[in-house]
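Please read the following explanation alongside the sequence and the coordinates.

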Amino acid sequence: MTVSFEEYAALARQLAEQHRAGVQHAAAESERRRDLHAAADYLQQRLTIQGQRLDQLGRAIGLHQPASAPAAAAEPSFTAPGSGNGGPAGAAGAPGWAGVGAYPQVPAGEARLALPTAVSPAGAVPAQRAVPVDPAVELELARRMADEADRHGQQAELLAQRPVLLPTWSPLARSVAIYAGCAAAAGVVMLALVLASGVGLVDGFTLGAWICAGLPAVAFFGGYLVLGRWGRPAMIEGAPPRYLPLGFLICFLLVPMAYCAYLLMVRGLRG
């Protein structure tokens with residue numbers, strides 16, 4: 001069969017166009033793979049930072065990972081879907097705590113039973129249908145879960161920056177309330193000493209020493225210890241403010257003032 005020059009030229013143009021289309025498709029596919037790998041690397045960095053921050057939060061609240069945790073769980077890895085290296089695909093391979101994956105883990109037998117099957121009209125054994133996985137969709141799902149983890153992590157950090165005692169109060173208001181409460185408790189003890197002095201169990205010198213120095217000092221150190229134990233946030237850099245001069249002033253004024261108020265009340269009742 002003889003091919004004319006025009007037919008040969010048309011065939012050459014068609015082959016050239018197909019070649020250009022193939023080159024463009026290969027370039028686009030290579031660019032898409034580079035974008036997927038870059039997104040996977042960025043997501044890997046985010047997940048690593050999240051894991052480190054979770055470790056810090058766990059140590060701050062006294063929660064530690066078991067020492068027997070597998071080494072693979074301590075160093076999670078993320079592989080872009082479709083990379084062909086046998087790693088976990090997409091969001092299902094997102095790292096996390098030991099035993100916790102991005103998707104619920106199903107035993108292999110149950111997973112095989114859960115896959116959709118195509119029923120053969122001849123009654124033969126049904127064949128499994130492969131479910132196509134879009135790497136871009138999987139990475140987007142993983143990114144959304146990372147965003148959600150960031151949001152919950154920020155909420156946890158805000159909670160960790162609040163102390164157990166009076167968490168919504170300012171440090172100054174919390175310190176005033178605690179020192180005043182300790183001084184009030186010392187005032188109750190002072191009333192007990194006054195009653196004991198009235199029946200002769202405590203002499204006047206001992207009562208005066210406790211009222212002027214002993215009970216205020218006990219109230220001050222009690223407030224200091226309470227602020228250090230329950231007024232300290234789980235996550236804080238440095239020591240929290242305890243307002244020592246203010247606490248000293250409150251304790252060493254309220255207890256003697258409570259005794260003076262008691263004397264005035266007794267005189268008023270007797271008068």
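The chain has 7 helices and 2 strands, where helices (H or I, at least four residues) and strands (E, at least two) are DSSP runs numbered from the N terminus. Along the sequence their order is α-α-α-β-β-α-α-α-α. This is a predicted model, in which local features need pLDDT of at least 70 and side-chain atom pairs count only at pLDDT 80 or more, while totals for chains, interfaces and linings use all residues. Residues are numbered from 1 along each chain as its sequence is written, and side-chain values use heavy atoms, with hydrogens and water left out.

Of the 271 residues of the chain, 21% count as buried. Buried means under 20% relative accessible area, exposed means over 50%, and partly exposed lies in between (1.4 Å probe, protein chains only). The chain exposes about 18500 Å², of which carbon and sulfur atoms supply 65%; the areas come from the Shrake-Rupley method with a 1.4 Å probe, and for residues only the protein chains shown count as cover. A contact means heavy atoms within 4.5 Å. Among contacts between residues at least 6 apart in sequence, 70% join residues at least 24 apart.

Helix α1 covers residues 5–60. The expected span of a helix is 1.5 Å times one less than its number of residues. For the 56 residues of α1 that gives 82 Å, and the end C-alpha atoms are 82 Å apart, which agrees. The buried residues of α1 are Leu36, Ala40, Leu43, Gln44, Arg46, Leu47, Gln50, Leu57 and Gly58. The cover over these buried residues includes α4 (135–160).

Next come the aromatic rings. Rings of Phe, Tyr and Trp (its six-membered ring) pair if their centres lie within 6.5 Å; planes under 30 degrees apart count as stacked, over 60 as edge-to-face and the rest as tilted. By this rule there are 4 aromatic pairs. The pair of Phe220 and Phe221 is edge-to-face because the ring centres are 5.3 Å apart and the planes stand at 70°. Phe220 is buried, at 11% relative accessibility. Phe248 and Phe252 form a stacked pair, with 4.2 Å centre to centre and 25° between the planes. These two residues are 4 apart in helix α7 (residues 244–270), so about one helical turn separates them. Both count as partly exposed, Phe248 with a relative accessible area of 43% and Phe252 with 24%. Ring pairs link Tyr179, Phe220, Phe221, Phe248 and Phe252 into a cluster.

Tyr224 has a charge over its ring: the charged end of Arg242 sits 4.1 Å from the ring centre. The criterion is NZ of Lys or CZ of Arg within 6 Å of the ring centre and within 35 degrees of the ring normal.

How many disulfides does the structure hold? There are 0, a disulfide being a pair of cysteine sulfur atoms within 2.5 Å. For Cys212 the nearest cysteine sulfur, that of Cys260, is 8.7 Å away. Cys212 is exposed, at 53% relative accessible area. For Cys251 the nearest cysteine sulfur belongs to Cys182 and is 6.5 Å away; Cys251 is buried, at 0%.

Finally, the backbone. Most residues other than glycine have a negative phi. Leu166, though not a glycine, has a positive phi of about 50°. Leu166 lies in the loop between α4 and α5 (171–198) and is partly exposed, at 26%. Tyr243 also is not a glycine and has a positive phi of about 50°. Tyr243 is in the loop between α6 (204–229) and α7, and its 31% relative accessibility makes it partly exposed.
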